[in-house]
Amino acid sequence: MKPFIYLFLVFIAGVLSAQTLQVKDLSCEHKVNPVGIDVRQPRLSWKLNSDTRNTIQDSYEIRVATKQDFSAQSLVWSSGKVKSSESILQIYKGKATESGKRYYWQVRVWDTNNKESAWSETAFWEMGILLPTEWKAKWIAPGMPGDTLKASPASLARKEFTLNKPIASARVYVTAYGMYELYLNGQRVGQDLLTPGWTSYNSRLQYQVYDVTEQVRQGKNAVGALIGDGWYRGTIGFDNSWNFYGNQLALLCQLQIRYQDGSQAIVGTDETWKSTQDSPVRSSEIYNGEVYDARMEKKGWDVVGFNDKSWHKVRLVTHTFSNLIGSAGVPVRKIQEIKPTKIFRTPEGTLVADMGQNMVGWIKLKVSGSAGTKVVLRHSEILDKKGNFYTANLRQAKQRIEYILKGEGEETFEPHFTFQGFRFVAIEGFPGEIKPENLTGIVIHSDMKPIGTFECSNALVNQLQHNIRWGQKGNFVDVPTDCPQRDERLGWTGDAQVFCRTAGFNMDVAAFFTKWMRDVAADQYSDGGVPFVIPDVLKKVMKGTSAGWGDVALITPYTLYQIYGDKQMLEVQYPSMKAYVEYIHSKAGKSNIWRGGSVFGDWLFYRPGINSHPEPDGYTNNDYIATAFYAYSTHLLKETAHILGKQEDESQYAKLFEQIRETFIKEYVTPAGRIASDSQTAYVLALMFNLLPADLKPMATQHLVDDIKSRRNHLSTGFLGTPYLCHVLSDNGHTEVGYDLLLQESYPSWLYPVKMGATTIWERWDGMKPDSTFQDEGMNSFNHYAYGAIGDWMYRVVAGIEVGKPGYKHILIQPQLPSDDRLTYAKASVNSPYGEIMSGWEQKNGQLKVTITIPANTTATIRLPRSNASDIKENGQALTAANKSAKMDKDTTVIEVGSGQYIFDYPLK
Ligand code: BGC
């Protein structure tokens, strides 16, 4: 061999061996190192890190042990080398998992070039309590006569106990009917807020598990809990009623100690606990805020030696243990802090702090003054036309914090069982001069991992994206709510359905929706109908099912399957999905038209009146909407049956879909592609749900476009039509009109609220009118995520990141540009189950640069718009030389690629 060839080969070998293949980001049941799960065979996911293009996993090996050294005796499962490219949600198939046990796991992989990774870092999961009989603690109720009254003081409960041997580890399993905060030896346990969260309590009550090894000690200990009303028995729902689930607060707490000698001890709630209602939390309610009298604080109540003689014994109460479940969702936590941007007096003289952002959480107050001084904070989303503090749109929700000082130097206060939706805070009774450092905005929400970003050259669109994110932050507080401020804050099914795809781009919502979808199933009526809100706290005043709302039962699990590849989500939800379609089927019968099925119609569609525009309203016939959704849900059920291999169901629902479609066409569609209910939403639903004969699609699309043009590029859609509007346009050759709508700045449009200074998404297109007066105060939230569903189009069409195969195992990168330079660049990223996907484009002087990242263990189809394959350079080289797959589809170059980073450059056609 010639020396230089030899050296070259040595060099190449060196380069190859330096290439990395690693396993990273291990997760279990969509969580990182979860403690207290009750899924007996958890599913394990990992990502590959590789600096080589086209990396695909060829095989993997998982090992699971009860000891971190993975010693032979501790091994409970070794998968062996499994030939598979699957790297997400692989089911644990080892020895039966046991309550309270921690399982350590690692994975290693081989790629298709037979390169082997090292074992990954060690991750773990820990089981919760798997059997009802393993609960040794008893349910206790503070049991004071006054604690069943409306907005009564929160109760304190406590117990001292002795641990007489050196401790190896300690866990606490805790839940409540009501809300609780747990304390051990003077320290708060965990960082979770509003626990145990909101579920359909009668059938599903979550418990939380905390590792408290560091908080307990050999010798004497004290445990205490503060228990408040919460969703369980506080004011909730439309009629401002309380005691919805029950009138008696109760606590269940089981502390499990493992001593170093291997023996165990359990300290649980029982009749020896003592309680008082003489607590500083005089009342605390979700809508109404909190009254806190710091003079009533019981110093040392949660440490050893406190004199609780005057406290009374708790009562034992009977509750089942069989509805107890591990926490599947994502805990609510303090996520960020913000400072007021200014403090000022309104024209009416109110002292107001502006937080600069419509936020959800509360104010952390710092104050010094004499004992008995009362500081009141009121919260509002917006100032009125004259600049005065405005609370009429909160309806009966008081959102009021009253803090009574104890007079002991600087006092810091945060409320306990409540949260507020606000940008402005009115301050009354503050002793001395208030400064920004006295007020900190504590932003709370379900602690979902941010996974997506979107940015483009239009600053207003970027603010829109900001507003969408903040709408998600404020309304993903354990359940997906419509709004976070007025006396509502409910899990409206329609809103969740329209927004879930966008939500899944911005943040990891897999666990969040896993929990909530099970509540959808739990609260589903026995006839298969789906309540308006989940958990269903409206059933006493507003029982029913509405098209577009109930369809959450299908649309959300199906969407989550697409973005997270979670097939089990479909398996678990399948009975609920099918029951819902069968419910509609029973209503529509042979007619195939779901008459009376739409209660809310295309909620909040455009109605003229606030401006001088002559355009007609955007009304869509309700039975038309109901029938369209009937068809769509039937289609999704058929698709799901296919995915799950339920062949009989698949063919049955395929047939049903065809029947509905045929009737739909007969009933509503003219041979010229015009729709009987002549609205934008009507066209949008028919096109989106594939209800039209192929030859009528272009005509129907044209009617839609004509309508938009006749409204001078304005939309007229409501909750149901809006999310799909731009998709229908871009799917049918009218991306340009989609951009007209996205970039429209005047009402009604997405950017109109942005121009009016919005920092979140509004409930109504015209929440604040151009003259700064308000829409109907009875329903005018300034933080409602539904119209934020346009985010989905920004990610999928503007930046062009689309699912090819569920979970993004195959990715489509297919940005659609405006025909001019209205946008000069756009870029988005999504940290998918396989890793970071990126797509960005920039146009300059007729030249387009497209930058793409495809994660390891996936493949992608890239569509480069307005190109000539022969003009394209990939990382500086002619594309056609580098990639043999390049094909033309009209003016788009289509190529197949594997993982890696790609930069394409070409002159725009
Ligand atoms: C809620 C909505 C919900 C609607 C049903 C409203 O009060 O805020 O977002 O979907 O009712 O029509």
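Begin by selecting lysine 406 and glutamate 297, whose side chains meet in a salt bridge at 2.6 Å, N to O; a salt bridge here is a side-chain nitrogen of Lys or Arg within 4 Å of a carboxyl oxygen of Asp or Glu. This pair links distant parts of the chain, 109 residues apart, with lysine 406 in the loop between strand E31 (400-404) and strand E32 (411-413) and glutamate 297 in the loop between strand E21 (289-293) and strand E22 (312-313). The helix and strand labels are DSSP runs numbered from the N terminus, helices being H or I with at least four residues and strands being E with at least two. Colour the two residues by accessibility, and lysine 406 counts as partly exposed at 24% relative accessibility, as does glutamate 297 at 30%. In these terms buried means under 20% relative accessible area, exposed means over 50%, and partly exposed lies in between, with a 1.4 Å probe and protein chains only.

Before going further, keep in mind that this is a predicted model, in which local features need pLDDT of at least 70 and side-chain atom pairs count only at pLDDT 80 or more, while totals for chains, interfaces and linings use all residues. Residues are numbered from 1 along each chain as its sequence is written, and side-chain values use heavy atoms, with hydrogens and water left out.

Next, select glutamate 488 and arginine 486, which form a salt bridge with their closest N and O atoms 2.9 Å apart; both of these residues are buried. For another pair, go to arginine 822 and aspartate 820, whose side chains meet in a salt bridge at 3.3 Å, N to O. Arginine 822 is partly exposed, with a relative accessible area of 28%, and aspartate 820 is partly exposed at 31%. In total, the structure holds 51 salt bridges.

Now move to glutamate 126, which sits in strand E9 (residues 123-127) and is buried, with a relative accessible area of 0%. What does glutamate 126 touch, not counting residues up to four places away in sequence? Its contacts, meaning heavy atoms within 4.5 Å, are Pro34, Val35, Gly36, Ile37, Gly100, Lys101, Arg102, Arg171 and Tyr173.

Leaving aside neighbours within four places in sequence, histidine 727 is in contact with Met688, Asp792, Trp793, Arg796 and Val797.

Finally, zoom out and show the whole chain, whose secondary structure comes to 16 helices and 48 strands. The C-alpha atoms fill a box of roughly 85 × 85 × 60 Å, taken along the principal axes. Buried residues make up 61% of the 909 residues in the chain. Among contacts between residues at least 6 apart in sequence, 76% join residues at least 24 apart.
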